[in-house]
Amino acid sequence: MTRPRSIPPTARKRRALRTATLTAALSAALSATVLTGCGTTNDTARDGKEAPSSAKGFPVTVDNCGTRTTYEKPPARAVTIHQHPAELMLSLGLKDRMTGTAFPDSAVLPELRKDFEAVPELAKKEPSFETVLNAEPDFVYGGYGSAFAKNEGRSRKAFADAGIDTYLNREYCGKKQVSMQDTYDEIRTIGRIFGVRERAGKLVEDLRARVERTTRKVEGEPAVPVFVYDSGEKSALTAGGRSLGTEIIELAGGRNVFADLDDVFGDVSWEQVVARKPEVIAIYDYGGAGNVERKKKYLLSQPALAGVPAVRNKRFVVVPLTATLVGVRPSHAVGDLARGLHPERFR
């Protein structure tokens with residue numbers, strides 16, 4: 001039987017406060033703004049006869065991966081686990097609401113580097129439950145499902161019992177299809193939780209415009225056949241037709257040669273790769289030292305792949321894994337990939 005974890009004094013105080021205000025919170029929740037964290041987002045205005053909330057636009061209720069949370073006011077001390085939630089929050093100008101980050105797994109977007117470095121790093125990988133509690137957050141935003149790994153003591157229930165609200169990136173809500181629309185919906189949802197809806201709307205507009213500038217640049221060009229190499233040697237793990245990576249490739253003027261794979265990711269044989277003759281290989285970069293070079297070396301060393309156009313011509317495009325995850329990066333990735341597929345259009 002697992003021993004119960006002790007709850008620090010700060011967490012006990014938060015729990016006492018939440019208990020003291022339970023009646024008011026339940027009453028307010030009946031007329032709360034309702035958001036859907038894993039799908040479409042809907043707002044319902046409160047009845048004007050009700051008492052005004054403590055913050056404009058609040059309370060807000062969010063349904064996220066089966067967990068419903070009512071926010072009476074914006075979170076003030078957020079911890080992000082994994083890099084893409086941190087970059088999303090920083091892009092919304094929320095550095096002053098962040099008390100810690102964890103698990104940086106790629107170079108930070110240049111325009112966010114200074115702000116990112118100003119937020120304390122709690123751990124190089126997923127932090128322990130106790131480490132997160134020591135940062136005294138009122139909100140934890142996880143990027144991968146492992147952020148709230150039950151077997152490591154970081155379940156969403158454990159945080160809730162400590163009086164801390166949680167949110168998991170919608171990509172890990174069991175979605176069977178991930179799209180660019182998910183990135184925009186995620187931004188708007190976080191914007192609503194933190195009371196910065198206008199900023200979120202502006203950020204979405206800017207990211208859409210970035211993508212549209214790229215698609216106009218490559219318009220009319222033949223789609224370049226692209227193979228996504230995530231990992232693997234006996235077989236290759238690649239992006240399937242339900243992945244955000246496939247949509248990024250298409251917007252960049254390419255064609256995923258495994259778009260017919262009915263999954264977000266899947267294993268394919270090297271014989272299939274050879275048969276589909278990709279002209280460019282998009283290598284997913286996990287951020288570790290030498291990660292990309294090892295993958296290139298492997299691809300170039302295999303005699304069976306020597307006739308593949310992308311290998312023969314050494315046409316590799318590096319795509320940070322974070323650029324293919326629901327957040328602010330995918331819109332940037334469209335332009336970066338397009339430059340590798342259609343360099344003549346960007347000279």
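This is a predicted model: local features need pLDDT of at least 70, side-chain atom pairs count only at pLDDT 80 or more; totals for chains, interfaces and linings use all residues.

A residue is called buried under 20% relative accessible area, exposed over 50%, and partly exposed in between. By that rule C173, at 22% relative accessibility, counts as partly exposed.

**Disulfide**

- The count comes to one disulfide, which joins C65 to C173 with an S to S distance of 1.8 Å.
- The link of C65 and C173 is left-handed, with -60° about the S-S bond.
- C65 lies in the loop between β2 (60–64) and β3 (67–71), while C173 lies in the loop between β8 (165–168) and α7 (180–193), so the pair ties together parts that are 108 residues apart in sequence.
- C65 is partly exposed, its relative accessible area being 28%, and C173 is likewise classed as partly exposed, at 22%.

**Cavity**

- One cavity of 30 Å³ or more is found in the structure, and the space in the largest cavity comes to about 40 Å³.
- The lining of the largest cavity is made up of V228, G245, I248, I249, A282, Y284, V319, T324 and L337.
- Both α9 (244–251) and β13 (280–285) supply at least two residues of this lining, and the largest share, three residues, comes from α9.

Note on methods:
Residues are numbered from 1 along each chain as its sequence is written. Side-chain values use heavy atoms; hydrogens and water are left out. On a 1 Å grid over the protein atoms alone, a cavity is a set of points where a 1.4 Å probe fits but cannot get out, and a pocket is an open set with protein on both sides within 12 Å along at least five of seven lines; lining residues have an atom within 4 Å of a point. Grid points are joined across faces, edges and corners, and a volume is the space filled by probe spheres set on the points. Helices (H or I, at least four residues) and strands (E, at least two) are DSSP runs, numbered from the N terminus. A disulfide is a pair of cysteine sulfur atoms within 2.5 Å. Buried means under 20% relative accessible area, exposed over 50%, partly exposed in between (1.4 Å probe, protein chains only).
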